[in-house]
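Please have the sequence and the model open while reading.

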Amino acid sequence: APFVIGAGDSISGLAIDLGSSLANELDLTASFVSVDDVGKALRESCDVVIDVSAGEASGFDVVGDYAELGYAFFHKGETKVSAVDELNDKSVAVQQGSPAQMALKVTTLATKEVSFASLNESFEALENGTVDYVLCQSCSGAYLTAWLDALNFAGLLNEPTSQGVAIASGEGAVSKAIREAYARMSENGVLAEIHR
(Lines give C-alpha, C1' and ligand atoms only; values in the text may rest on other atoms or scores of the structure.)
Protein backbone atom coordinates (compact mmCIF):
# COMPACT_ATOMS: atom_id res chain seq x y z
CA ALA A 1 0.00 0.00 0.00
CA PRO A 2 -0.65 2.49 -1.46
CA PHE A 3 0.79 1.22 -4.76
CA VAL A 4 -0.84 -2.22 -4.82
CA ILE A 5 -3.49 -3.27 -2.34
CA GLY A 6 -5.01 -6.75 -2.38
CA ALA A 7 -4.18 -9.72 -4.57
CA GLY A 8 -5.45 -11.67 -7.55
CA ASP A 9 -8.50 -10.20 -9.24
CA SER A 10 -9.23 -7.79 -6.38
CA ILE A 11 -6.28 -5.41 -6.58
CA SER A 12 -6.34 -1.65 -6.35
CA GLY A 13 -3.97 1.16 -5.51
CA LEU A 14 -1.88 3.93 -7.05
CA ALA A 15 0.06 1.67 -9.46
CA ILE A 16 -3.13 -0.09 -10.56
CA ASP A 17 -4.93 3.22 -11.15
CA LEU A 18 -1.91 4.52 -13.07
CA GLY A 19 -1.67 1.40 -15.25
CA SER A 20 -5.41 1.30 -15.90
CA SER A 21 -5.50 5.00 -16.79
CA LEU A 22 -2.49 4.66 -19.07
CA ALA A 23 -4.13 1.71 -20.86
CA ASN A 24 -7.40 3.67 -21.10
CA GLU A 25 -5.53 6.62 -22.62
CA LEU A 26 -4.20 4.19 -25.26
CA ASP A 27 -7.69 2.67 -25.76
CA LEU A 28 -6.46 -0.68 -24.38
CA THR A 29 -7.33 -2.91 -21.43
CA ALA A 30 -4.68 -3.31 -18.76
CA SER A 31 -3.53 -6.72 -17.61
CA PHE A 32 -1.33 -6.76 -14.49
CA VAL A 33 1.51 -9.19 -13.82
CA SER A 34 4.17 -9.30 -11.14
CA VAL A 35 7.76 -9.02 -12.39
CA ASP A 36 11.17 -9.55 -10.81
CA ASP A 37 13.42 -8.17 -13.55
CA VAL A 38 12.32 -4.99 -15.33
CA GLY A 39 14.45 -5.44 -18.45
CA LYS A 40 13.51 -9.08 -18.90
CA ALA A 41 9.81 -8.30 -18.36
CA LEU A 42 9.87 -5.53 -20.99
CA ARG A 43 11.54 -7.91 -23.46
CA GLU A 44 9.30 -10.90 -22.77
CA SER A 45 6.01 -10.26 -20.99
CA CYS A 46 4.82 -6.65 -20.80
CA ASP A 47 4.93 -3.19 -22.36
CA VAL A 48 5.14 -1.11 -19.17
CA VAL A 49 6.59 -1.73 -15.71
CA ILE A 50 5.26 0.64 -13.06
CA ASP A 51 7.24 1.91 -10.07
CA VAL A 52 10.75 2.11 -11.48
CA SER A 53 13.35 4.80 -10.76
CA ALA A 54 15.58 6.31 -13.43
CA GLY A 55 18.56 5.02 -11.42
CA GLU A 56 17.44 1.45 -12.11
CA ALA A 57 17.33 2.04 -15.88
CA SER A 58 19.61 -0.29 -17.79
CA GLY A 59 18.41 -1.17 -21.26
CA PHE A 60 15.08 0.62 -20.84
CA ASP A 61 13.73 4.16 -20.41
CA VAL A 62 11.77 5.59 -17.48
CA VAL A 63 8.92 7.96 -18.27
CA GLY A 64 7.39 10.39 -15.79
CA ASP A 65 7.74 10.83 -12.06
CA TYR A 66 4.39 10.01 -10.51
CA ALA A 67 5.84 9.39 -7.02
CA GLU A 68 8.91 10.08 -4.89
CA LEU A 69 10.15 7.32 -2.62
CA GLY A 70 12.53 7.41 0.30
CA TYR A 71 12.79 5.86 3.74
CA ALA A 72 10.89 8.01 6.21
CA PHE A 73 10.61 8.16 9.97
CA PHE A 74 7.16 8.55 11.50
CA HIS A 75 6.40 9.38 15.14
CA LYS A 76 3.50 10.02 17.48
CA GLY A 77 2.90 13.63 18.38
CA GLU A 78 3.08 17.03 16.79
CA THR A 79 4.16 17.43 13.19
CA LYS A 80 7.86 18.29 13.10
CA VAL A 81 11.05 17.08 11.53
CA SER A 82 13.25 15.31 14.06
CA ALA A 83 16.95 16.12 14.25
CA VAL A 84 19.42 13.23 13.96
CA ASP A 85 20.43 13.51 17.61
CA GLU A 86 16.77 13.12 18.63
CA LEU A 87 16.89 9.58 17.22
CA ASN A 88 19.76 8.46 19.48
CA ASP A 89 18.71 5.73 21.91
CA LYS A 90 15.16 5.77 20.53
CA SER A 91 13.34 2.61 19.51
CA VAL A 92 12.63 2.36 15.79
CA ALA A 93 10.11 -0.15 14.46
CA VAL A 94 10.73 -1.71 11.05
CA GLN A 95 9.11 -4.50 9.09
CA GLN A 96 11.22 -7.66 9.35
CA GLY A 97 13.20 -8.24 6.16
CA SER A 98 12.18 -4.95 4.57
CA PRO A 99 14.49 -2.65 2.61
CA ALA A 100 13.92 -0.05 5.35
CA GLN A 101 15.34 -2.48 7.92
CA MET A 102 18.41 -3.02 5.74
CA ALA A 103 18.81 0.74 5.27
CA LEU A 104 18.66 1.32 9.03
CA LYS A 105 21.32 -1.34 9.65
CA VAL A 106 23.87 0.46 7.46
CA THR A 107 23.46 3.87 9.12
CA THR A 108 25.50 5.22 12.01
CA LEU A 109 22.35 6.10 13.96
CA ALA A 110 22.39 4.93 17.57
CA THR A 111 18.82 3.60 17.57
CA LYS A 112 17.26 0.48 19.04
CA GLU A 113 15.72 -1.55 16.22
CA VAL A 114 12.46 -3.39 16.92
CA SER A 115 11.21 -5.58 14.08
CA PHE A 116 7.64 -6.64 13.36
CA ALA A 117 6.13 -9.11 10.91
CA SER A 118 4.19 -6.37 9.09
CA LEU A 119 4.22 -2.63 8.60
CA ASN A 120 0.74 -2.45 10.13
CA GLU A 121 2.09 -4.03 13.34
CA SER A 122 4.92 -1.48 13.37
CA PHE A 123 2.43 1.39 13.21
CA GLU A 124 0.22 -0.21 15.85
CA ALA A 125 3.26 -0.29 18.16
CA LEU A 126 3.90 3.39 17.43
CA GLU A 127 0.28 4.29 18.07
CA ASN A 128 0.34 2.33 21.36
CA GLY A 129 3.58 3.99 22.47
CA THR A 130 5.59 0.75 22.41
CA VAL A 131 8.18 2.32 20.05
CA ASP A 132 9.32 5.89 19.42
CA TYR A 133 9.50 5.82 15.62
CA VAL A 134 8.66 3.72 12.57
CA LEU A 135 10.99 3.64 9.57
CA CYS A 136 9.45 2.59 6.26
CA GLN A 137 8.98 3.55 2.64
CA SER A 138 7.66 7.14 2.63
CA CYS A 139 4.49 6.66 0.55
CA SER A 140 3.43 3.59 2.50
CA GLY A 141 3.93 5.40 5.81
CA ALA A 142 2.05 8.48 4.62
CA TYR A 143 -0.79 6.25 3.45
CA LEU A 144 -1.05 4.47 6.80
CA THR A 145 -0.80 7.63 8.92
CA ALA A 146 -3.83 9.07 7.10
CA TRP A 147 -5.98 6.68 9.18
CA LEU A 148 -4.08 6.79 12.45
CA ASP A 149 -4.57 9.77 14.76
CA ALA A 150 -1.57 11.75 15.98
CA LEU A 151 1.00 9.86 13.90
CA ASN A 152 3.13 12.14 11.74
CA PHE A 153 6.06 12.34 9.37
CA ALA A 154 9.34 13.01 11.22
CA GLY A 155 11.96 13.11 8.44
CA LEU A 156 13.74 11.19 5.70
CA LEU A 157 16.64 8.80 6.10
CA ASN A 158 17.77 9.21 2.49
CA GLU A 159 17.33 11.39 -0.57
CA PRO A 160 14.04 10.39 -2.25
CA THR A 161 14.02 9.00 -5.78
CA SER A 162 11.42 9.69 -8.44
CA GLN A 163 9.41 6.72 -9.64
CA GLY A 164 8.02 6.44 -13.15
CA VAL A 165 7.03 3.80 -15.66
CA ALA A 166 9.64 1.76 -17.51
CA ILE A 167 9.27 1.21 -21.24
CA ALA A 168 11.47 -0.28 -23.95
CA SER A 169 14.31 2.05 -24.96
CA GLY A 170 14.10 4.06 -28.13
CA GLU A 171 11.38 5.59 -30.19
CA GLY A 172 9.49 2.52 -31.36
CA ALA A 173 5.75 2.84 -31.95
CA VAL A 174 4.77 1.39 -28.55
CA SER A 175 7.29 3.50 -26.61
CA LYS A 176 6.25 6.64 -28.47
CA ALA A 177 2.55 5.97 -27.80
CA ILE A 178 3.19 5.40 -24.09
CA ARG A 179 5.25 8.60 -23.79
CA GLU A 180 2.49 10.60 -25.47
CA ALA A 181 -0.26 9.02 -23.35
CA TYR A 182 1.65 9.73 -20.13
CA ALA A 183 2.17 13.36 -21.21
CA ARG A 184 -1.57 13.71 -21.92
CA MET A 185 -2.38 12.29 -18.47
CA SER A 186 -0.08 14.88 -16.90
CA GLU A 187 -1.73 17.71 -18.83
CA ASN A 188 -5.40 16.70 -18.58
CA GLY A 189 -5.44 16.19 -14.80
CA VAL A 190 -5.68 12.37 -14.76
CA LEU A 191 -2.41 12.00 -12.81
CA ALA A 192 -3.53 14.64 -10.32
CA GLU A 193 -6.81 12.77 -9.84
CA ILE A 194 -4.98 9.47 -9.30
CA HIS A 195 -2.86 11.11 -6.59
CA ARG A 196 -5.93 12.62 -4.96
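## A residue in helix H5

Ser122 is part of helix H5, which covers residues 119-128. Helices (H or I, at least four residues) and strands (E, at least two) are DSSP runs numbered from the N terminus. The model is a predicted one, in which local features need pLDDT of at least 70 and side-chain atom pairs count only at pLDDT 80 or more, while totals for chains, interfaces and linings use all residues. Residues are numbered from 1 along each chain as its sequence is written, and side-chain values use heavy atoms, with hydrogens and water left out.

Ser122 has a relative accessible area of 0% and is therefore buried. Buried stands for under 20% relative accessible area, exposed for over 50%, and partly exposed for values in between (1.4 Å probe, protein chains only). Apart from neighbours within four places in sequence, Ser122 touches Ala93, Val94, Gln95, Phe116, Val131 and Val134. A contact here is a pair of heavy atoms within 4.5 Å.

## The chain as a whole

Eight helices and ten strands make up the secondary structure of the protein chain. Along the principal axes, its C-alpha atoms fill a box of roughly 55 × 30 × 30 Å. Of its 196 residues, 39% count as buried. When contacts between residues at least 6 apart in sequence are considered, 66% join residues at least 24 apart. The accessible surface of the protein chain is about 10,700 Å², and carbon and sulfur atoms account for 49% of it. Accessible areas come from the Shrake-Rupley method with a 1.4 Å probe; for residues, only the protein chains shown count as cover.

Helix H1 runs over residues 14-25 and has twelve residues. From first to last C-alpha it reaches 16 Å, close to the 16 Å expected at 1.5 Å a residue. The expected span is 1.5 Å times one less than the number of residues in the helix. Its buried residues are Leu14, Ala15, Ile16, Leu18, Gly19, Ser21, Leu22 and Ala23. They pack against strands S2 (10-12), S3 (49-53), S4 (60-69) and S10 (161-168), and against helices H7 (173-187) and H8 (190-195).

Which residues of H7 are buried? They are Ser175, Ile178, Ala181, Tyr182 and Met185. These residues cover an arc of only 130° around the axis, so they lie on the same side of H7. The arc is taken from the directions from the helix axis to the C-beta atoms. The face turned away from this buried side carries the exposed residues Ala173 and Glu187. The buried residues of H7 pack against H1, S4, S10 and H8.

## Salt bridges

Five salt bridges are found in a search of the whole structure. The term means a side-chain nitrogen of Lys or Arg within 4 Å of a carboxyl oxygen of Asp or Glu. Three of them are listed here.

| Pair | N to O distance |
|---|---|
| Arg184 and Glu25 | 2.9 Å |
| Lys105 and Glu113 | 3.3 Å |
| Glu180 and Lys176 | 3.9 Å |

Arg184 forms a salt bridge with Glu25. This pair links distant parts of the chain, with Arg184 in helix H7 and Glu25 in helix H1, 159 residues apart. Arg184 is partly exposed at 33% relative accessibility, and Glu25 is partly exposed at 23%. Glu180 and Lys176 are four residues apart in helix H7, so about one helical turn separates them. Glu180 is partly exposed at 37% relative accessibility, as is Lys176 at 42%.

## Positive phi values and a surface patch

Most residues other than glycine have a negative phi. Asp51 has a positive phi near 75° and lies in strand S3. Asp89 has a positive phi near 65°; it sits in the loop between helix H3 (84-87) and strand S6 (91-95) and is exposed, with a relative accessible area of 55%. Gly189, which follows H7, has a positive phi near 90°.

Val81, Phe153 and Leu156 make a nonpolar surface patch of about 280 Å². Patches are made of residues with over 30% relative accessible area and no salt bridge, with like charges joined within 9 Å and nonpolar side chains (Val, Leu, Ile, Met, Phe, Trp, Tyr) within 5 Å. Leu156 belongs to strand S9 (residues 151-156) and is partly exposed, with a relative accessible area of 42%.
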